[in-house]
Amino acid sequence: MYQKENTTTATEFIILGFPEFPDLQIPLFLLFLLIYLIILLGNLTIITVTCLNPRLHTPMYFFLCNLSLVDISSTSVTLPKLLDIFLRKNQRISVNGCFMQVYFFLLSLCIEFLLLSVMAYDRYVAICHPLHYVVIMNWNVWVLIVAGLWIVGNLDPMTYTVFLSSFSYCRSNIINHFFCDLSALLKLSCTSTSTIDHITYILGSFVVMPCILSTFVSYVYIISTILKIRSAEGRRKAFSTCSAHLTVVILFYGTLLCSYIRPTSTQSLEQNKLFAVLYNALIPMFNPIIYSLRNQEVKKGIAKLFTRKLFSRDQKTIFSVQLHGKR
């Protein structure tokens with residue numbers, strides 16, 4: 001319930017959503033519902049096409065499938081609750097439910113962060129060492145990398161969630177956000193957040209910065225190798241294999257760093273809410289579009305999938321007509 005006294009601790013939280021637009025709750029519901037459906041449709045299409053097309057059974061598309069799965073997971077943690085707030089004004093969430101939302105959302109973010117770095121390394125090997133690509137990026141390596149990502153990705157959210165659950169939230173229980181965001185919860189805590197700041201800097205030094213540096217170094221070598229290709233057509237083809245990933249990296253890393261890699265005292269909830277819409281809704285929506293529009297293999301796979309479905313439906317129709325004609 002709602003508590004303002006500094007001597008009590010909240011037993012539940014109230015997520016405000018977007019109270020700045022009281023007259024636009026239904027239009028916002030329709031907008032975010034459309035975004036969520038596009039995210040589900042686009043990412044499920046990527047997963048389906050990759051699984052059904054043997055030509056896409058390569059490391060890059062294996063990682064892309066995992067990226068699509070992570071995007072579906074991260075948005076499914078936050079957007080259904082936001083839609084409920086828009087439609088039914090159901091703003092309440094239990095403390096444990098809030099901490100679970102924090103955990104699964106941070107888990108998705110961490111895995112995506114690590115996954116984008118791995119995908120950059122994959123492109124580096126494919127472009128800079130094409131003759132050794134099959135040896136370096138074999139099936140066992142794929143599985144080990146993805147398993148390692150999910151294991152390592154658990155460390156960050158688990159650490160944050162344990163500390164958050166030990167804090168006291170006695171200032172208020174109103175979260176000025178559209179989900180249980182880490183920065184919004186820290187604003188409500190009457191416990192010192194210096195520990196969280198130290199954890200953020202430690203994780204930033206040992207996880208975030210190595211990922212960013214490895215991605216940056218990979219692309220320095222990739223661009224250097226592409227520029228050495230003599231033919232313009234060869235350079236275009238080489239760059240087309242990594243341009244989609246580079247676009248996603250810039251969008252995701254940029255918004256995430258602006259939102260989280262700062263001291264809590266300097267963070268603005270309004271700015272964080274805007275950044276959260278970008279990396280939690282818009283980027284997962286654009287990821288399938290970016291990868292499919294800039295990738296000929298994915299476009300061919302999608303076209304082949306829909307052609308197969310149309311052909312199968314036409315065959316069933318013809319068979320049904322012939323069957324009725326015989327009768």
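A residue is termed buried when its relative accessible area is under 20%, exposed when over 50%, and partly exposed in between (1.4 Å probe, protein chains only). The structure is a predicted model, in which local features need pLDDT of at least 70, side-chain atom pairs count only at pLDDT 80 or more, and totals for chains, interfaces and linings use all residues. Residues are numbered from 1 along each chain as its sequence is written, and side-chain values use heavy atoms, with hydrogens and water left out.

With a disulfide defined as a pair of cysteine sulfur atoms within 2.5 Å, the model contains 1 disulfide. This bond joins cysteine 98 to cysteine 180, with the two sulfur atoms 2.0 Å apart. The link is left-handed, with an angle of -125° about the S-S bond. Helices (H or I, at least four residues) and strands (E, at least two) are DSSP runs, numbered from the N terminus. Cysteine 98 is buried, at 0% relative accessibility, and cysteine 180 is buried because its relative accessible area is 1%.

Cysteine 51 takes part in no disulfide; the nearest cysteine sulfur, that of cysteine 65, is 4.8 Å away. Cysteine 211 is likewise in no disulfide, and the nearest cysteine sulfur belongs to cysteine 110, 9.4 Å away. Cysteine 211 counts as buried because its relative accessibility is 8%.

Threonine 50 is located in helix H1 (residues 25–52) and counts as buried, at 6% relative accessibility. Apart from neighbours within four places in sequence, threonine 50 is in contact with Leu56, His57, Tyr61 and Cys65, where contact means heavy atoms within 4.5 Å.
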